[in-house]
Amino acid sequence: MRAPRGFWGTSWMRRCWSALHLSLPGVLLAAAAGALLGAQTGYLIGRRAGRALLARTANRHLSDGARRAEALLARYGHGRAIVLARFIPVVRTVLNPLAGMVRVPGRTFALWQVAGGVVWTVGLVLGGYALGASVPNVDRYLLPLVAVIVAVSLLPLALEALKARRARRAAERTPGSAK
């Protein structure tokens with residue numbers, strides 16, 4: 001079913017995106033800056049409050065990611081682990097605060113996260129640029145695929161929330177349970 005011609009999801013969006021032309025150097029710079037600032041922020045959060053936050057979470061995936069990140073730090077050393085973490089989902093997110101939590105020296109973390117962050121973002125942006133330049137109308141194929149990946153990625157979170165909700169309801173129904 002197609003939306004009406006004036007609907008914001010068709011003609012308005014198409015006009016905005018067709019008029020939007022970003023420079024490749026600008027996108028590279030913004031992506032690298034975002035990745036580097038995000039990693040530094042995670043490191044600082046971990047340095048200040050990491051242990052307390054990890055101890056309070058009931059999220060199994062986060063705890064597993066933290067264990068994998070710690071194993072990566074122990075196995076490969078700080079520099080290699082920080083660079084490699086950029087390329088491993090979940091570990092990429094968890095390693096930065098974990099590095100702060102285990103007191104990886106600030107200069108060491110900054111140096112290696114810049115190296116890994118630049119390689120990661122430049123590779124990702126240039127890969128996307130090459131794909132967009134070589135495959136006509138790639139967004140028609142790629143955007144639905146991204147939507148499926150996002151939906152599948154959110155599925156464990158939704159299942160955990162449902163499981164917690166059911167457990168809470170069962171506890172409320174049990175006679176003598178604390179409220």
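Begin with the whole chain: of the contacts (heavy atoms within 4.5 Å) between residues at least 6 apart in sequence, 71% join residues at least 24 apart. This is a predicted model, in which local features need pLDDT of at least 70 and side-chain atom pairs count only at pLDDT 80 or more, while totals for chains, interfaces and linings use all residues. Residues are numbered from 1 along each chain as its sequence is written, and side-chain values use heavy atoms, with hydrogens and water left out.

**The whole protein**

Display the cartoon. The protein has six helices and zero strands, where helices (H or I, at least four residues) and strands (E, at least two) are DSSP runs numbered from the N terminus. Of its 179 residues, 20% count as buried; buried means under 20% relative accessible area, exposed over 50%, and partly exposed in between (1.4 Å probe, protein chains only). Switch to the surface: the accessible area is about 13000 Å², and 66% of that belongs to carbon and sulfur atoms. These areas come from the Shrake-Rupley method with a 1.4 Å probe, and for residues only the protein chains shown count as cover.

Now colour by pLDDT, the predictor's confidence in each residue, from 0 to 100. The mean for the protein is 80, and 86% of the residues reach 70 or more.

**Helix H2**

Move to the start of H2. There, a side-chain oxygen of Ser-23 comes within 3.1 Å of the backbone nitrogen of Gly-26.

Next, show the buried residues of H2: Ala-32, Ala-35, Leu-36, Ala-39, Gly-42, Tyr-43, Gly-46 and Gly-50. Their cover includes helix H4 (91–101) and helix H5 (106–134). An α-helix has 3.6 residues a turn, so residues three or four places apart point the same way. Pick out Ala-32, which is buried with a relative accessible area of 12%. Its C-alpha atom is separated by 9.6 Å from that of Val-125, 93 residues apart along the chain.

**Helix H5**

Zoom in on Thr-121. This residue counts as buried at 7% relative accessibility. Its side chain reaches the backbone oxygen of Gly-117 at 2.8 Å, and a polar atom of that side chain lies 3.5 Å from the backbone oxygen of Val-118. Not counting residues up to four places away in sequence, Thr-121 touches Ala-31, Ala-32 and Ala-35.

Select Arg-86, in the loop between H3 and H4. Is Arg-86 buried or exposed? At 9% relative accessibility, Arg-86 counts as buried. Its side chain is joined to that of Gln-113 by a polar contact of 3.1 Å. A polar contact is a pair of N or O atoms within 3.5 Å; within protein, one must be able to donate a hydrogen and the other to accept it, and residues adjacent in sequence count only if both atoms are side-chain atoms. Leaving aside neighbours within four places in sequence, the contacts of Arg-86 include Ala-35, Leu-36 and Ala-39, as well as Gly-116, Gly-117 and Trp-120.

Arg-80, in helix H3 (residues 60–85), counts as exposed at 54% relative accessibility.

Finish at Arg-103, in the loop between H4 and H5. Its phi is near 65°, a positive value in a residue other than glycine. At 47% relative accessibility, Arg-103 counts as partly exposed.
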